[in-house]
Amino acid sequence: MRSFCRTDEEVSEGCKRSKQQASSSKEALEMLGKQFIVIVATAFIGGVGAVTYSWASWATNTLISVDKKTEVIASEISYIKLYMERDYGYVPRADETASVKSTQ
């Protein structure tokens, strides 16, 4: 036969133990829920941080590479301009029409 614990009755030791187990299992579930939320939040923040770090690293490397290429091209143009001025004289504008027409 089952025995139920009522508030106006004397509580047996077995009833006390089952209530404690029930309350402790509820507390354990609440703790597991909180731990799960903390783990998920930490993983999400870590993932966002890793993606942000990767993007920043890629962007920095790309910008440095583009800057280096731009500097190389600028120095090559400067070199070409110097030798063209030496060979052909000063050319004030590149969009002017040439005095010599090409024939086909």
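Trainee: How many helices and strands are there in the protein chain?
Mentor: There are one helix and zero strands. Keep in mind that this is a predicted model.

Trainee: Which residues does helix α1 take in?
Mentor: Helix α1 covers residues 13–88. Ile80 has its place there.

Trainee: What share of the residues is buried?
Mentor: Buried residues make up 2% of the 104 residues in the chain.

Trainee: And how much accessible surface does the chain have?
Mentor: It comes to about 10200 Å². Carbon and sulfur atoms account for 62% of that.

Trainee: Which residues make the nonpolar surface patch?
Mentor: Tyr79, Ile80, Leu82, Tyr83, Met84 and Tyr88 make it. The patch is about 680 Å².

Trainee: Why does Ile80 count as partly exposed?
Mentor: Because its relative accessibility is 47%.

Trainee: Switching to rings. How many aromatic pairs are there?
Mentor: The count comes to one aromatic pair. Tyr79 and Tyr83 form it, and the pair is tilted. Their centres are 4.6 Å apart, with 55 degrees between the planes.

Trainee: Why is it tilted and not edge-to-face?
Mentor: Edge-to-face needs over 60 degrees, and stacked needs under 30. The angle here is 55 degrees, so the pair counts as tilted.

Trainee: Where do Tyr79 and Tyr83 sit along the helix?
Mentor: They are four residues apart in helix α1, so about one helical turn separates them.

Trainee: New topic: charges. How many salt bridges are there in the whole structure?
Mentor: A search finds one. The side chains of Arg86 and Asp87 meet in a salt bridge, at 3.3 Å from N to O.

Trainee: Is Arg86 buried or exposed?
Mentor: Exposed, because its relative accessible area is 56%. The cut-off for exposed is over 50%.

Key
Residues are numbered from 1 along each chain as its sequence is written. This is a predicted model: local features need pLDDT of at least 70, side-chain atom pairs count only at pLDDT 80 or more; totals for chains, interfaces and linings use all residues. Side-chain values use heavy atoms; hydrogens and water are left out. Patches are made of residues with over 30% relative accessible area and no salt bridge: like charges are joined within 9 Å, nonpolar side chains (Val, Leu, Ile, Met, Phe, Trp, Tyr) within 5 Å. Accessible areas come from the Shrake-Rupley method with a 1.4 Å probe; for residues, only the protein chains shown count as cover. A salt bridge is a side-chain nitrogen of Lys or Arg within 4 Å of a carboxyl oxygen of Asp or Glu. Helices (H or I, at least four residues) and strands (E, at least two) are DSSP runs, numbered from the N terminus. Buried means under 20% relative accessible area, exposed over 50%, partly exposed in between (1.4 Å probe, protein chains only). Rings of Phe, Tyr and Trp (its six-membered ring) pair if their centres lie within 6.5 Å; planes under 30 degrees apart count as stacked, over 60 as edge-to-face and the rest as tilted.
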